[in-house]
Amino acid sequence: AYRKAEMTDSAKAVAERLLRDARTDGERGHAHFALARVLFDLHNYDGVQDNARQAILLARAAGDTAAWIRGAEILCEVDMGLDRFTAVKERDGPILALAMATNDSVALSNVYNNLANIHYLHHDLDSAHWYYDKAIAIMPVRKKNDRLVIQLNQVNIFIEEERYDLALARSDAIRSGVQAGGALLRAHYYNQRGYAFYSMGRYRDAIAEFGRSD
């Protein structure tokens with residue numbers, strides 16, 4: 001709740017207390033993961049990696065595959081943030097195998113989204129589209145915001161391809177879902193629309209959307 005409210009100092013204090021109070025390996029693993037999440041928000045990537053690795057070791061020892069996958073995913077997020085794309089691909093392979101073995105559709109979708117992002121950043125747009133489509137198709141309906149983030153990622157490709165009508169149509173289609181999401185999601189949404197209008201030369205429309213984003 002503190003993380004959602006962007007009260008990261010309070011979130012960090014709670015995570016550290018959780019780690020101090022943990023009594024079992026399972027509790028310690030979950031506490032390390034919670035602390036890694038907060039440290040990611042604070043851009044403390046060394047701390048993220050240390051705690052994520054501890055979470056993975058404890059999850060593996062406990063046979064908790066879901067926790068193992070979560071720990072590996074946050075390491076992927078760090079690598080993506082640092083442009084270490086080869087490392088992301090190396091991590092995604094084992095995560096993909098674990099997710100398929102346990103029928104974890106959320107983890108599978110996240111792997112496909114990671115791969116799509118890498119292909120997008122390398123301007124391999126056809127492959128990026130393919131992975132985004134896979135990610136969207138298998139993301140559970142209950143994970144609304146995660147699905148919306150992937151859909152926003154894909155709209156970026158349509159803008160880069162100068163397929164503006166399709167980009168705006170896809171954007172319009174997810175508007176109601178975005179409106180029900182948090183402020184950060186809405187800010188990304190309007191910023192993306194502003195960039196689309198700017199790229200089209202519709203500068204007044206772009207200014208309006210950038211204003212909404214701000």
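## Second largest pocket

R53, I56, R60, W68, A72, L75, R91, P94, I95 and L98 line the second largest pocket (a pocket is an open set of points on a 1 Å grid over the protein atoms alone, where a 1.4 Å probe fits, with protein on both sides within 12 Å along at least five of seven lines; lining residues have an atom within 4 Å of a point). Its volume is about 170 Å³, taken as the space filled by probe spheres set on the points. Two or more lining residues come from each of α3 (45-62), α4 (65-81) and α5 (85-101), helices being DSSP runs of H or I with at least four residues, numbered from the N terminus.

The largest share of this lining, 4 residues, belongs to α5. The lining has 7 nonpolar, no polar and 3 charged residues (Ala, Val, Leu, Ile, Met, Phe, Trp, Tyr, Cys and Pro count as nonpolar, Asp, Glu, Lys and Arg as charged, the others, Gly among them, as polar).

## Basis of the model

The model is predicted: local features need pLDDT of at least 70, side-chain atom pairs count only at pLDDT 80 or more, and totals for chains, interfaces and linings use all residues. Residues are numbered from 1 along each chain as its sequence is written, and side-chain values use heavy atoms, with hydrogens and water left out.

## Helices α2 and α3

The axes of α2 (residues 25-41) and α3 come within 8 Å and cross at roughly 160 degrees; axes are lines fitted to C-alpha atoms, for helices over the stretch in contact, and angles run from 0 to 180 degrees between N-to-C directions. The two helices are therefore roughly antiparallel (angles over 145 degrees).

The contact (heavy atoms within 4.5 Å) includes F33 and L39 of α2 and V48 and L58 of α3. Its residues divide into 10 nonpolar, 5 polar and 2 charged.

## Helices α6 and α7

Helix α6 (residues 105-121) and helix α7 (residues 125-138) have axes that come within 8 Å and cross at roughly 165 degrees. These helices are therefore roughly antiparallel to each other. Among the contact residues are Y112 and H119 of α6, with Y131 and K134 of α7. By class, this contact of α6 with α7 has 11 nonpolar, 6 polar and 1 charged.

## Helices α11 and α12

Helix α11 (residues 183-200) packs against helix α12 (residues 203-213) at an angle of about 165 degrees, the axes being 7 Å apart. That makes α11 roughly antiparallel to α12. Contact residues include R193 and F197 of α11 and E209 and F210 of α12. The contact of α11 with α12 counts 8 nonpolar, 3 polar and 4 charged residues.

Methods: Angles under 35 degrees count as roughly parallel, over 145 as roughly antiparallel, 65 to 115 as roughly perpendicular and the rest as oblique.
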